[in-house]
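Subject: Structure for your review

Dear colleague,

Please find the structure below, handed over for your use. My notes on what was found in it follow directly after.

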Amino acid sequence: MQEITIRRPDDWHLHLRDGAMLKGVLPETARHFARAIIMPNLVPPVVTAADASAYRDRILAALPPGMRFEPLMTLYLTEGTDPADVAAAAASGLVKAVKLYPAGATTNSHGGVRDLTKVMAVLEKMAEIGLPLCTHGEVVDPEVDIFDREAVFIDTVLDPLRRRLPELRLVMEHITTEEGVAYAAAGGPNLAATITTHHLIINRNHILVGGIKPHYYCLPVAKREKHRLALRAAATSGRGCFFLGTDSAPHVDALKEHACGCAGCFTATNTMPLLAHVFEEEAALDRLEAFASLNGPAFYRLPANEARLRLVKRPEPQEFPAKIITEAGPVTVFNPGFPVQWQVDS
Ligand code: DOR
Ligand code: ZN
């Protein structure tokens with residue numbers, strides 16, 4: 001039997017939602033992860049420090065007795081965001097990052113940013129105080145092919161922004177392309193990138209060949225195989241600029257299996273066994289801890305967790321629940337499409 005013990009991981013990009021869904025999915029993350037950066041794309045979004053404080057309270061209230069978990073809150077950047085409110089939220093320790101959604105890029109992003117010049121005062125304040133900006137890095141111009149949205153964002157939005165504000169600390173969220181990998185790798189200490197579990201496992205064929213698979217549809221959409229391989233090389237490189245952000249994004253099955261299905265893969269339940277499988281395949285199990293437990297805290301200037309998580313490889317394939325049953329409805333757990341022998345030893 002093979003096994004590996006790592007510092008308890010954190011998830012640097014997570015959707016927990018609210019109400020019945022929050023209650024249903026929170027234990028799936030808290031079971032394995034100590035902390036997570038909580039995405040603010042609720043309806044209505046988490047825009048102000050007061051919104052973030054109230055949402056944090058709701059998350060902690062939804063945590064089952066005996067479980068420990070620290071939500072790291074973010075603010076949803078709008079063209080009306082007040083730099084002073086952001087600075088106060090950061091100074092109090094409540095907020096760890098601000099999220100940039102280009103308006104219309106993804107789920108509940110219509111309140112996001114249309115014109116970057118309108119948020120420059122906020123970004124300048126963030127650069128001054130060292131508060132990271134998390135970016136959903138896709139352009140929304142209908143002329144741009146959906147598979148090119150990330151590369152075009154890098155060239156037309158991200159690079160000009162970083163030239164204008166080189167001190168701004170920035171996380172390229174859920175990168176999906178070799179262009180994203182190359183840009184993050186060359187970006188120096190103020191730039192990092194998160195990588196999801198599912199983008200290490202699926203390419204666009206998995207979504208579209210042999211019938212459309214709505215549970216593999218997410219944004220940014222999975223790309224060609226060469227991009228998946230670039231993401232695998234980056235995640236398993238051990239380099240400090242790459243770390244785990246699962247983007248685990250629950251939607252009830254009725255909204256995934258729909259004529260206009262929602263974007264999001266729900267990976268909170270089985271991310272750690274899947275990552276052990278992937279890192280073993282890449283002969284990089286010794287770098288799993290850097291990716292899942294060390295590089296993220298280092299970038300966010302937080303201590304790594306003291307608790308440990310043990311993963312064991314069993315002789316037989318391990319079963320995962322196919323669905324999590326929440327009071328909002330069933331949520332399908334990401335199915336990698338291959339047997340997984342790794343399991344978290346609890
Ligand atoms: O697939 C996704 N789902 N990508 C996002 O950017 C948002 C997320 C969600 O909130 O469902
Ligand atoms: Zn997300």
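**Two cis peptide bonds**

P44 lies in the loop between strand 3 (35-38) and helix 2 (49-62). Please note that the model is a predicted one. The peptide bond that joins V43 and P44 is cis, with omega at about -10 degrees. A cis peptide bond also leads from L219 to P220, where omega is near -5 degrees. P220 is placed in the loop between helix 7 (204-208) and helix 8.

Are H15 and D247 buried or exposed? H15 has a relative accessibility of 7% and so counts as buried, the limit being under 20%. D247 is likewise buried, its relative accessible area being 5%.

The loop between strand 2 and helix 1 also holds R17. The phi angle of R17 is near 60 degrees, a positive value in a residue other than glycine. With a relative accessibility of 14%, R17 counts as buried.

**Salt bridges**

How many salt bridges does a search of the whole structure find? The search finds 18. Three of them are described here, each with its place in the chain.

One is formed by the side chains of E3 and R310, at 2.7 Å from N to O. This pair links distant parts of the chain, since E3 is in strand 1 (residues 2-7) and R310 is in strand 10 (residues 308-313), 307 residues apart. E3 counts as partly exposed at 42% relative accessibility, and R310 is partly exposed with a relative accessible area of 27%. E3 and R310 also belong to a network of salt bridges that includes R314 and D345.

Another salt bridge brings together the side chains of K118 and E79, at 3.9 Å from N to O. Here too the pair links distant parts of the chain, 39 residues apart: K118 is in the loop between strand 5 (95-100) and helix 4 (120-129), and E79 is in the loop between strand 4 (70-76) and helix 3 (83-91). K118 is exposed, with a relative accessible area of 53%, whereas E79 is partly exposed, with 30%.

The side chains of K226 and E178 also meet in a salt bridge, at 3.3 Å from N to O. K226 is in helix 8 (residues 225-235) and E178 is in helix 6, so that the pair links distant parts of the chain, 48 residues apart. K226 has a relative accessibility of 45% and counts as partly exposed; E178, at 31%, counts as partly exposed.

**A negative surface patch**

Helix 6 (residues 178-185) also contains E179. Which residues form the negative surface patch? The patch is made up of D145, D148, D155 and E179. At 37% relative accessibility, E179 counts as partly exposed.

**Two further points**

V95 lies in strand 5 and, at 2% relative accessibility, counts as buried. From C-alpha to C-alpha, V95 and T74 are 5.3 Å apart in space, and they are 21 residues apart in sequence.

R301 has a phi angle near 60 degrees, a positive value in a residue other than glycine. This residue, R301, is in the loop between helix 11 (288-300) and strand 10. R301 is exposed, with a relative accessible area of 57%.

Yours sincerely

Methods. Residues are numbered from 1 along each chain as its sequence is written. Chains are lettered from A and ligands numbered from 1 in the order in which they are written. This is a predicted model: local features need pLDDT of at least 70, side-chain atom pairs count only at pLDDT 80 or more; totals for chains, interfaces and linings use all residues. Side-chain values use heavy atoms; hydrogens and water are left out. Patches are made of residues with over 30% relative accessible area and no salt bridge: like charges are joined within 9 Å, nonpolar side chains (Val, Leu, Ile, Met, Phe, Trp, Tyr) within 5 Å. Accessible areas come from the Shrake-Rupley method with a 1.4 Å probe; for residues, only the protein chains shown count as cover. A salt bridge is a side-chain nitrogen of Lys or Arg within 4 Å of a carboxyl oxygen of Asp or Glu. Lys and Arg count as positive and Asp and Glu as negative; His and the chain ends are not counted. The place of a charge is taken as NZ of Lys, CZ of Arg, CG of Asp or CD of Glu. Helices (H or I, at least four residues) and strands (E, at least two) are DSSP runs, numbered from the N terminus. Buried means under 20% relative accessible area, exposed over 50%, partly exposed in between (1.4 Å probe, protein chains only).
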